[in-house]
Amino acid sequence: MATHGGIDLGGTKIQTVIVDDDHEVLGSARRPTPTSGGPPDVAREIEAALREAAEQAGVEPASLAGVGVGSPGTIDGGNVTSARNLPDWEGSFPLASTLSDALGTPVRLGNDVQVATDAEFALGAGRPYNSLLGVFWGTGVGGGIVLDGKPWVGRGAAGEIGHIVVELDGARCTCGRRGCMEAYAGRSAMEAEARRQHEEGQKTDLFKLMEKHEKPRLTSGIWARAIERGDELAERLIDEAVDALGIAVASACNVLDPEAVIIGGGLGVRFGDPYAKRIYEAMMPHLFHDDHPPVMRVAELGDLGGALGAALLVA
Ligand SMILES: [Zn+2]
C-alpha cells in the first residue's frame, strides 16, 4: 500500500500528516510557523514537521508516493508568491522543488483553502453533495468552491468570499478596500475592533482572558470563553460577524446555487452547529430563491482537514 504526505502551511502552524491509500492517518505532527527569517527557514520547518510525522508512521520520507502542500499566497506551478501571513514572503519561492530535494519525493502545491474544501468534499461533511461552498472562518475568511464534482478556482483567484462587500463604504479591510465581509467577521479584524472599543472604555473580559491563558492574540478559544461568560462586547462583535457571514454566503449562493455550504476554520469549528445555524438564519433574508436553500453543515475534519486535503493532491 502506498503512503502519501500532506502539509497544511498556515500563518500560525504547520500541520503534517502521513496517510495510506484509504486516507487513514498513520502519523501527524504540528509545529508553530516561524515568525521571522524567510521562505528557506519556513521550508526547513516544514521538512522537520513532515519528518516527524513520517517517523511516527514508521516510513522514510523518500518512500512516500508524494507530498502535497496546501499553501497561502499565489500558487504558480511549484512556486509560492506573496504569502502575506508568512515571514518575509512577498516575492516568489520555489517551495515544491526545495521540499522535493530535501525529502526525496515528488511535491505538489495547492491553495490552502481549496484543498481544505476538497477534503471536506471527498472525506468530510461534503460527501453527500455534488456542489458546495466551503467557508473557512478564522483569522480571515476564505472560500472554496466545488461545482459538478470538481474544484472551481477560476483563473486562480476564485473563492474570495471574505472580500464580498457587505457594507458600502464600510469598515477598512486588510486588503485595503472598504466594507468587505472579512472586515467584520475575520478574527484579526474582530480583535482590532475589540481593542479599539476597549481603549474607548468599553468593558470586556476578552483581553483579561487572553492574558490569563497566555495567548498572544484573541484565539477562537478566547472568544468562545468570553461568549460563555456573557461578555457583551464579545457577543456584539460576534453578532456582527454572523450577520456579515450570512450576507456574504447568501450573495455567493445567489450566484452559484450550491447544494451545501460547509462552515470550517478555527472559529467555525470551535463555535460548531449552533453558530452554523445562526449563519444560516442570517443568510435566509438575503437568499433570492429562499424556497430551496442550501444545506449548511460544520466541517467534519477539524484541524486535520487542510493536511488531509493536501495529501489528496498526490493521491
Ligand atoms: Zn477585503
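Q: What counts as a helix or a strand, and in which strand does asparagine 79 lie?
A: Helices (H or I, at least four residues) and strands (E, at least two) are DSSP runs, numbered from the N terminus. In this case asparagine 79 belongs to strand 6, which spans residues 79-81. The model is a predicted one, in which local features need pLDDT of at least 70 and side-chain atom pairs count only at pLDDT 80 or more, whereas totals for chains, interfaces and linings use all residues. Residues are numbered from 1 along each chain as its sequence is written, and side-chain values use heavy atoms, leaving out hydrogens and water.

Q: Is asparagine 79 buried, partly exposed or exposed, and which residues is asparagine 79 in contact with?
A: Buried means under 20% relative accessible area, exposed over 50%, and partly exposed in between, with a 1.4 Å probe and protein chains only. Asparagine 79 has 26% relative accessibility and therefore counts as partly exposed. Contact means heavy atoms within 4.5 Å, and, leaving aside neighbours within four places in sequence, asparagine 79 is in contact with Thr74, Ser92, Phe93, Pro94 and Leu109. Aspartate 243, by contrast, is 164 residues apart from asparagine 79 in sequence and 37 Å apart in space, C-alpha to C-alpha.

Q: Why does threonine 16 count as buried, and what does the side chain of threonine 16 reach?
A: Threonine 16, which is placed in strand 2 (residues 13-20), counts as buried because its relative accessibility is 0%. A polar contact is a pair of N or O atoms within 3.5 Å; within protein, one must be able to donate a hydrogen and the other to accept it, and residues adjacent in sequence count only if both atoms are side-chain atoms. Here the side chain of threonine 16 reaches the backbone oxygen of alanine 49 at 2.9 Å. Leaving aside neighbours within four places in sequence, the residues in contact with threonine 16 include Gly6, Ser28, Ala49 and Ala307.

Q: Which residues touch the most other members of the largest nonpolar core?
A: A nonpolar core is a set of buried Ala, Val, Leu, Ile, Met, Phe, Trp, Tyr and Cys residues joined through side-chain atoms within 4.5 Å. Among the 50 residues of the largest one, Trp137 and Trp223 touch the most other members. Helix 8 (residues 232-256) gives the most to this core, with 13 residues.

Q: How many aromatic pairs does the whole structure hold, and what do tryptophan 137 and phenylalanine 271 form?
A: Rings of Phe, Tyr and Trp (its six-membered ring) pair if their centres lie within 6.5 Å; planes under 30 degrees apart count as stacked, over 60 as edge-to-face and the rest as tilted. A search of the whole structure finds three pairs. Tryptophan 89 and phenylalanine 93 are edge-to-face, at 5.5 Å centre to centre and 80° between the planes, and both residues are buried. Tryptophan 137 and phenylalanine 271 form a tilted pair, at 5.8 Å and 50°. Because tryptophan 137 lies in strand 9 and phenylalanine 271 in helix 9 (residues 265-283), this pair ties together parts that are 134 residues apart in sequence.
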